[in-house]
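Let's take a friendly walk through this model together. Have a look at the fold before reading on.

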Amino acid sequence: MEPITVTIADTQRVTGLGRTKLYELIGNGRLKTVKIGRRTLVSTDSIRALVGEAA
């Protein structure tokens, strides 16, 4: 089964973007997140959508 969310660090690795830019995209609503406890997890669907926009 493929993950439906990934950590900020994993998002950095797969996109090549830095932490500051990722939080900017989250703030702008371009990346969807969920908070569980202290962890911020990013929706893999929103990552795909973001990368699809850039292509």
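Leaving aside its neighbours within four places in sequence, S46 touches R30, L31 and K32, where contact means heavy atoms within 4.5 Å. This is a predicted model, in which local features need pLDDT of at least 70 and side-chain atom pairs count only at pLDDT 80 or more, while totals for chains, interfaces and linings use all residues. Residues are numbered from 1 along each chain as its sequence is written, and side-chain values use heavy atoms, with hydrogens and water left out.

S46 belongs to helix α3, residues 44–54; helices (H or I, at least four residues) and strands (E, at least two) are DSSP runs, numbered from the N terminus. Because its relative accessibility is 6%, S46 counts as buried (under 20% relative accessible area, with exposed over 50% and partly exposed in between, using a 1.4 Å probe and protein chains only). A polar atom of the S46 side chain lies 3.1 Å from the backbone nitrogen of K32.

Now turn to strand β3, residues 39–43, where four of the five residues are buried. Strand β2 (residues 33–36) runs antiparallel to β3, joined to β3 by four bridges; two strands pair if DSSP finds at least two bridges between them. V34 has L41 as its bridge partner in β3. The two strands β2 and β3 make a hairpin with two residues between them, and G37 in the turn has a positive phi of about 65 degrees.

Strand β1 (residues 5–7) also pairs with β3 in the antiparallel sense, over three bridges. Here T5 has S43 as its bridge partner in β3.

Conventions
Polar contact = N/O pair within 3.5 Å; in protein donor to acceptor, adjacent residues only side chain to side chain.
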